[in-house]
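Welcome! Take a look at the model below, then try the exercises with their worked solutions.

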Amino acid sequence: MRLAVLSGKGGTGKTTVAVNLALSWAPYRKTTYVDYDVEEPNGFIFLRPQIRDTSTVFLPYPEINKACTFCGKCSEACQYHALAVVGGKVLVFPELCHGCGTCGIVCPVGAVDEVERPLGKIDEGERDGLLCLQGVLKEGESLAGPVIRGLHRREKEHSSSLEEIIVADCPPGSSCSVIHSAEGSDLAILVTEPTLFGLHDLKIAVGLMREMGLDFGVIQNKDDQGTLIQEYCAQEGITLLGSIPFDLEIAKIYSRGQSLMQDRKWNDLFKTLGERIVTEVKQRKTEGEII
Ligand code: SF4
Ligand code: SF4
């Protein structure tokens, strides 16, 4: 069972929900937490896993050799403007290169060699039986895609049974990175907060899920007993999976970099929420329901 935890915007408590749900399932079934928010991964701050493996994600880029005739075909073919032929020289801009390999294909004289540069890394660790993976994009880099794809591959290598739960902590927003992190999930959990900004971004996230054809439900964080989110969900026929109260104690635990599962009260809340989500996925699978 793959669950994607998303939010239309940052700061809604997405990682809090993802981390604590993963911890709530880990004692009972094989669970993997994967932090796909590669530009700003912070799930490991709360999980504090024992890191057992780190691997570098590389991206290929061209290096021009002496066979070059400066015909300019590679530069014309590059969609990303990562090559320019100027005054008898081919200039390569590695930071713009997406590693697509087109320049090597179009070069008529085999003057394009492929070299690699490090783009980020993937960490793998464990905490109390919970397998933890995170992707980290190198500072100054903007191409999250290859790191996300690397994480996807690592996630697949580890997933062995249908009973296993994979919690994909996706980036905030509605970019390509969000789509690539969430696709293939059995349920997307949209975390929101009861503010006008929260509602605005929730609507964008709902639109994205519908566009992707992904099943989804909503968790309301910082529930202040208002009706803003409930009314929207009722109006749109969206399942409200649960709520987390607006409570100063949660903020204090968060600011200490601890998981809420260490506290009895919140432990019970996330266990109940976790059971509700598993039941919801099973029910939807049985009924073949699509929102
Ligand atoms: S296509 Fe090949 S030969 Fe032409 S400029 Fe590029 S590297 Fe040089
Ligand atoms: S590999 Fe693709 S993106 Fe990179 S320079 Fe060549 S054509 Fe451009």
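**Exercise 1.** At what angle do the axes of helix α7 and helix α8 cross?

**Solution.** This is a predicted model, where local features need pLDDT of at least 70, side-chain atom pairs count only at pLDDT 80 or more, and totals for chains, interfaces and linings use all residues. Residues are numbered from 1 along each chain as its sequence is written.

Start with the helices, which are DSSP runs (H or I, at least four residues) numbered from the N terminus. Helix α7 covers residues 196-212 and helix α8 residues 228-236; their axes come within 10 Å and cross at roughly 25°. Angles under 35 degrees count as roughly parallel, so α7 and α8 are roughly parallel to each other.

**Exercise 2.** How many residues surround ligand 1, and how many surrounding residues are nonpolar?

**Solution.** Count residues with a heavy atom within 4 Å of the ligand. Ligand 1 has 14 around it, the closest being C68, C71, G72, C74 and C107. Next, sort them by class (Ala, Val, Leu, Ile, Met, Phe, Trp, Tyr, Cys and Pro are nonpolar; Asp, Glu, Lys and Arg charged; the others polar): 11 are nonpolar, two polar and one charged.

Conventions
Chains lettered and ligands numbered in written order. Heavy atoms only, no water. Axes fitted to C-alpha atoms, helices over the stretch in contact; angles between N-to-C directions. Helix = DSSP H or I, 4+ residues; strand = E, 2+ residues; numbered from the N terminus. Parallel < 35°, antiparallel > 145°, perpendicular 65-115°, else oblique.
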